[in-house]
Amino acid sequence: MADDTQQVDPKAERTAAKLARQITAFAKAHGGAEGQVAHIGERGARIVLVGEDGGWGDLVAPDTATAEQAVAKAGITVHESFDGEFAAKVATGPYEWKRMAGIQVGG
């Protein structure tokens with residue numbers, strides 16, 4: 001009979017736990033949080049976080065599975081995409097508007 005148990009990578013478990021703690025701290029500082037996981041190629045996966053207060057940030061995980069495990073451990077709502085409704089929750093201030101304008105005019 002075949003063994004159906006999966007091997008647990010202790011390093012991946014520690015990484016997911018560390019990311020989950022960072023996500024939880026972000027959520028606590030911003031009155032809650034939602035997120036989205038996006039594959040970014042060889043670099044891994046990006047976890048975009050948006051707080052209830054509009055604050056935002058991101059984390060990078062070594063792979064999508066670790067990122068998904070981290071957001072699950074943190075217990076936040078995860079969106080499939082960074083769509084209009086989710087993106088509208090991001091609060092942008094003068095710094096972001098200045099940076100976006102600078103990019104448009106070659107700055």
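## Terms and model

Contact means heavy atoms within 4.5 Å. This is a predicted model: local features need pLDDT of at least 70, side-chain atom pairs count only at pLDDT 80 or more, and totals for chains, interfaces and linings use all residues. Residues are numbered from 1 along each chain as its sequence is written, and side-chain values use heavy atoms, with hydrogens and water left out.

## The sheet

Four strands form an open sheet in the order 3-2-1-4, with mixed pairing (strands are DSSP E runs of at least two residues, helices H or I runs of at least four, numbered from the N terminus; two strands pair if DSSP finds at least two bridges between them). Strand 3 (56-61) and strand 4 are the edges, each pairing on one side only. From one strand to the next, the twist averages 25° (axes are lines fitted to C-alpha atoms, for helices over the stretch in contact; angles run from 0 to 180 degrees between N-to-C directions).

## Strand 1

Strand 1 (residues 33-39) is largely enclosed by the rest of the structure, because five of its seven residues are buried (under 20% relative accessible area; exposed is over 50%, partly exposed in between; 1.4 Å probe, protein chains only). Seven bridges join strand 1 to antiparallel strand 2 (residues 45-51). Their hairpin has five residues between the strands, and glycine 41 there takes a positive phi near 85°. Strand 1 pairs with strand 4 (residues 77-79) in the parallel sense, over three bridges.

Glutamine 36 has valine 48 as its bridge partner in strand 2. Glutamine 36 also stands opposite histidine 79 in strand 4.

## The helices

Helix 1 (residues 10-29) lies across strands 1, 2 and 3, at about 175° to strand 3. Helix 2 lies across strands 1, 2, 3 and 4, at about 170° to strand 1.

Threonine 66 lies in helix 2 (residues 64-74). Threonine 66 counts as buried, at 3% relative accessibility. Beyond its neighbours within four places in sequence, threonine 66 contacts Ala12, Thr15, Ala16, Leu19 and Ala61.
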